[in-house]
Amino acid sequence: MRDVSPTPKSEHYRTIIVGAGPAGILTAYHAAPAGSTLLVEAGLLPRYKSCGGMLHAHTRRTLAEYAPIPDDIILDPRTVLFRFHDWDRKIKKVTSLELLNVDRALFDEWLLGILPPSVEIVAPCEVRSLTQDAEKVSLTLRSGKGDMILTCDNLIGADGGRSKVRRDLGVPNTAQYVTLQDFVHLEGPIEPYFDCIYIRGIGEDYAYTYVVPKGDVADIGCVYYPQSKQPWLMQNEIVRILRAAMPALGETVTRQACTALYVRSVDDVVAGEGRILLAGEAGGFLSPTSGEGISYAVNTGRLAGSAVADNDPIDAVAAYRKASSGIRTNIARKFRWLPMMESRAGKYVAGFVPQPIVSRITHEL
Ligand SMILES: Cc1cc2nc3c(=O)[nH]c(=O)nc-3n(C[C@H](O)[C@H](O)[C@H](O)COP(=O)(O)OP(=O)(O)OC[C@H]3O[C@@H](n4cnc5c(N)ncnc54)[C@H](O)[C@@H]3O)c2cc1C
């Protein structure tokens, strides 16, 4: 584990990055060669992020350029295929989308280890406020030792879906999905799929469920639309339905609640303003259709880090906006699938779409 201290050593840095998730880590990696770099994390490190821990080929391809993903963070089964599952009509469509099955906490810890020693890391330490002018960005940090004021030439908000940096930049409030994950004991084998299940009759606030084996537990994750009422009651019902049909799904070990950005327009995808850049989920960079976000985090992180390293601080946002425009376009392309994915009629019609077409579309989600 890297050296982590609760307070920063200096009062001014060339680059400060807020958030030690995949976006923040890749940003810090690329910003570091250009000068002093501080990575600030509000939580304890190594951190825990509620997640399915499924790595898309895009993530694996990017990370292969830094270090091989170690075997000891990969769970059994090592890979799973994405499968669509209309629960009530018993329609199952296996796709060719293969996902690597990792322990997300170990993955984040391993990723932190790729950082060069020149990156200073502080945690737990929270960014409480920030302002910027033509010369610099000023921010207030709060740690167990009190509040400090720091300045930097560029600041990168990589602070996730509930980003403080995004809000302080004045980006209009973006709605959030509610996610609940039950990690349950596995009393026997279940099919080795990332099973994306839609169950009728749960309610209008319910989007979908996924079930995936992860070593000796299974992850039963459910996604609920913003403003959903009492999602835990729906979660209880879904887990009950699944257990009745799949006796291998045992007792719940832990239930986690989290949120994710409900990106519905390209206006929700924001590169930054002035001297402040937004990377990963803080910038709205995640798939609006599948919720897959790690590949977007690592890819925008490295673009943001390179933009601050290769440009005058005042030009970094423009350079990053240009470099990330392809990713923004990729997100915009996915919006066209939303009406089908989110309507009852669309979900019903999907059951009649031939398997090869379902497989092909899945690669675009
Ligand atoms: C239930 C669930 C399942 C998911 N499953 C998958 C999956 O299987 N595969 C996939 O690719 N994606 C998945 N995602 C999405 C993925 O987890 C995120 O998109 C990804 O982690 C985003 O990375 P990030 O670095 O942008 O932000 P995060 O990983 O959210 O990291 C942000 C960091 O910023 C820190 N922070 C926040 N505020 C402050 C502050 N004020 N000061 C300092 N630090 C701060 C936080 O503590 C956090 O550590 C899932 C998401 C959810 C909710």
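## Ring pairs and a ligand shell

Ring pairs join Phe82, Phe84, Phe194 and Tyr210 into a cluster. The model is predicted. It holds 12 aromatic pairs.

**A stacked pair**

- Phe194 and Tyr210, both members of the cluster, form a stacked aromatic pair.
- Their ring centres lie 5.1 Å apart, with 20° between the planes.
- The pair links distant parts of the chain, 16 residues apart.
- Phe194 belongs to strand 11 (residues 193-198), and Tyr210 to strand 12 (residues 206-214).
- Both Phe194 and Tyr210 are buried.

**An edge-to-face pair**

- Tyr225 and Tyr262 also form an aromatic pair, and this one is edge-to-face.
- The distance is 6.3 Å centre to centre, and the planes stand at 75°.
- Tyr225 sits in the loop between strand 13 (217-224) and helix 5 (231-245).
- Tyr262 sits in the loop between strand 14 (249-261) and strand 15 (272-273).
- The pair therefore ties together parts that are 37 residues apart in sequence.
- Tyr225 counts as buried because its relative accessibility is 12%, under the 20% cut-off.
- Tyr262, at 17% relative accessibility, counts as buried too.

**Arginines over rings**

- Arg264 lies over the face of Tyr262, 3.7 Å from the ring centre.
- Tyr262 thus has a ring partner in Tyr225 and an arginine over its face.
- Arg89 places its charged end over the ring of Tyr348, 3.9 Å from the centre of that ring.

**Contacts with the ligand**

- Glu281 brings a polar side-chain atom to 2.9 Å from a ligand oxygen atom.
- Gly293 has a polar backbone atom 3.0 Å from a nitrogen atom of the ligand.
- Ile294 has a polar backbone atom 3.0 Å from an oxygen atom of the ligand.

**Make-up of the shell**

Conventions. Residues are numbered from 1 along each chain as its sequence is written. This is a predicted model: local features need pLDDT of at least 70, side-chain atom pairs count only at pLDDT 80 or more; totals for chains, interfaces and linings use all residues. Side-chain values use heavy atoms; hydrogens and water are left out. Rings of Phe, Tyr and Trp (its six-membered ring) pair if their centres lie within 6.5 Å; planes under 30 degrees apart count as stacked, over 60 as edge-to-face and the rest as tilted. Helices (H or I, at least four residues) and strands (E, at least two) are DSSP runs, numbered from the N terminus. Buried means under 20% relative accessible area, exposed over 50%, partly exposed in between (1.4 Å probe, protein chains only). A charge sits over a ring if NZ of Lys or CZ of Arg is within 6 Å of the ring centre and within 35 degrees of the ring normal. A polar contact is a pair of N or O atoms within 3.5 Å; within protein, one must be able to donate a hydrogen and the other to accept it, and residues adjacent in sequence count only if both atoms are side-chain atoms.
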